[in-house]
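Here is a note to read beside the model. Keep the structure open and follow the points in order.

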Amino acid sequence: MDSQEIEIKTILLVGAGTMGQQIALQCAMHGYETHLYDIAPKMLEIAQMRIAEYLTTLLQEGYLTAESAQIAQARLHYFADPAEAAEGADLLSECVLEDPKIKGEVFAQFNRLCPAHTLFTTNTSTLLPSQYAQATGRPAQFAAFHFHNPVWVANVVDVMPHPGTTAAVVKQLVIFARSIDQVPIVL
């Protein structure tokens, strides 16, 4: 990727567990088309139910209106097919098990499926991004981008580049974090 910024419109979350659900909802609530992928179709069913529950709670607590909840829900798309999920993704956020081998395999798979411009991020809280940066196939476009739980309350995201991450990508991740009402902390 050159130093030119891409316009981020579509977010891909890989992993439909708690953090994948919350990050997907946060992105959808802030205007992004959001793809949520999981290898297990049952997890996607659970994610849809939990996201609906999150929306109900956020509505009751005054975080959003009924109209904005409906709009956010319409921006969420659920995929069990990785190729369909990757289509048009501008930023990928990986939320799978804290195992560098698994993360590397996931990134290698999506490197083949995502457009060349797609930025890759990992929501890891315990691993160094350098442990699997090369496996992404696009190390210059890769950094850790760690959200805290619950995303809309603990609105801090840790931006952790590795030595090969470009400055332009770090800048773009900081801008993106702010666009979804997160406070970016570059480490």
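**Notes on the predicted model**

1. Thr-165 sits in the loop between β7 (156-161) and α6 (167-179). Helices (H or I, at least four residues) and strands (E, at least two) are DSSP runs, numbered from the N terminus. This is a predicted model: local features need pLDDT of at least 70, side-chain atom pairs count only at pLDDT 80 or more, and totals for chains, interfaces and linings use all residues. Residues are numbered from 1 along each chain as its sequence is written, and side-chain values use heavy atoms, with hydrogens and water left out.

2. Is Thr-165 buried or exposed? Thr-165 counts as buried, at 11% relative accessibility. Buried means under 20% relative accessible area, exposed over 50%, and partly exposed in between (1.4 Å probe, protein chains only). A polar atom of the Thr-165 side chain lies 2.6 Å from the backbone oxygen of Phe-142. A polar atom of that side chain also lies 3.0 Å from the backbone nitrogen of His-162. A polar contact is a pair of N or O atoms within 3.5 Å; within protein, one must be able to donate a hydrogen and the other to accept it, and residues adjacent in sequence count only if both atoms are side-chain atoms.

3. Now the neighbours of Thr-165. Leaving aside residues up to four places away in sequence, Thr-165 touches Pro-139, Ala-140, Phe-142, Ala-143 and Val-170. Contact means heavy atoms within 4.5 Å.

4. Another threonine, Thr-136, is in the loop between β5 and β6. Thr-136 is buried, with a relative accessible area of 0%. A polar atom of its side chain lies 2.6 Å from the backbone oxygen of Ala-133. Not counting residues up to four places away in sequence, Thr-136 touches Phe-107, Asn-111, Phe-120 and Phe-142.

5. Phe-107 leads on to helix α5. The buried residues of α5 are Lys-103, Gly-104, Val-106, Phe-107 and Phe-110. They cover an arc of only 165° around the axis, which puts them on the same side of α5. The arc is that of the directions from the helix axis to the C-beta atoms. The face turned away from the buried side of α5 carries the exposed residues Lys-101 and Arg-112. Among the elements covering the buried residues of α5 are β1 (10-14), β2 (33-37), α4 (82-86), β4 (91-94), β5 (119-122) and β6 (142-147).

6. Check the length of α5 (residues 100-113). Its 14 residues should span 20 Å at 1.5 Å a residue, and the end C-alpha atoms are 20 Å apart, which agrees. The expected span is 1.5 Å times one less than the number of residues. Asp-99 caps the N-terminal end of α5: a side-chain oxygen of Asp-99 lies 2.8 Å from the backbone nitrogen of Lys-101.

7. Helix α2 (residues 41-60) can be read in the same way. Its 20 residues should span 28 Å, and its end C-alpha atoms are 29 Å apart, which agrees. Which residues of α2 are buried? They are Leu-44, Ala-47, Ile-51, Tyr-54, Leu-55 and Leu-58. Seen down the axis of α2, these buried residues fall within an arc of 100°, so they line one face of the helix. An α-helix has 3.6 residues a turn, so residues three or four places apart point the same way.

8. On the other side of α2, Lys-42, Met-49, Glu-53 and Gln-60 are exposed. The buried residues of α2 pack against α1, β2, α3 (66-75) and β3 (76-79). Gly-62 follows α2, and its phi is positive, near 80°.

9. Gly-15 lies in the loop between β1 and α1 (18-29). Gly-15 counts as buried, at 7% relative accessibility. Its C-alpha atom is separated by 8.7 Å from that of Ser-93, 78 residues apart along the chain. Not counting residues up to four places away in sequence, Gly-15 touches Gly-20, Leu-36, Tyr-37, Asp-38, Cys-95 and Val-96.

10. Finally, the whole chain. The protein chain has six helices and eight strands. Its radius of gyration is 15 Å, close to the 16 Å that the globule rule gives for 187 residues, so the chain is as compact as a globular protein of that length. That radius is taken over C-alpha atoms; the globule rule is 2.2 Å times the number of residues to the power 0.38. Of the 187 residues, 49% count as buried.
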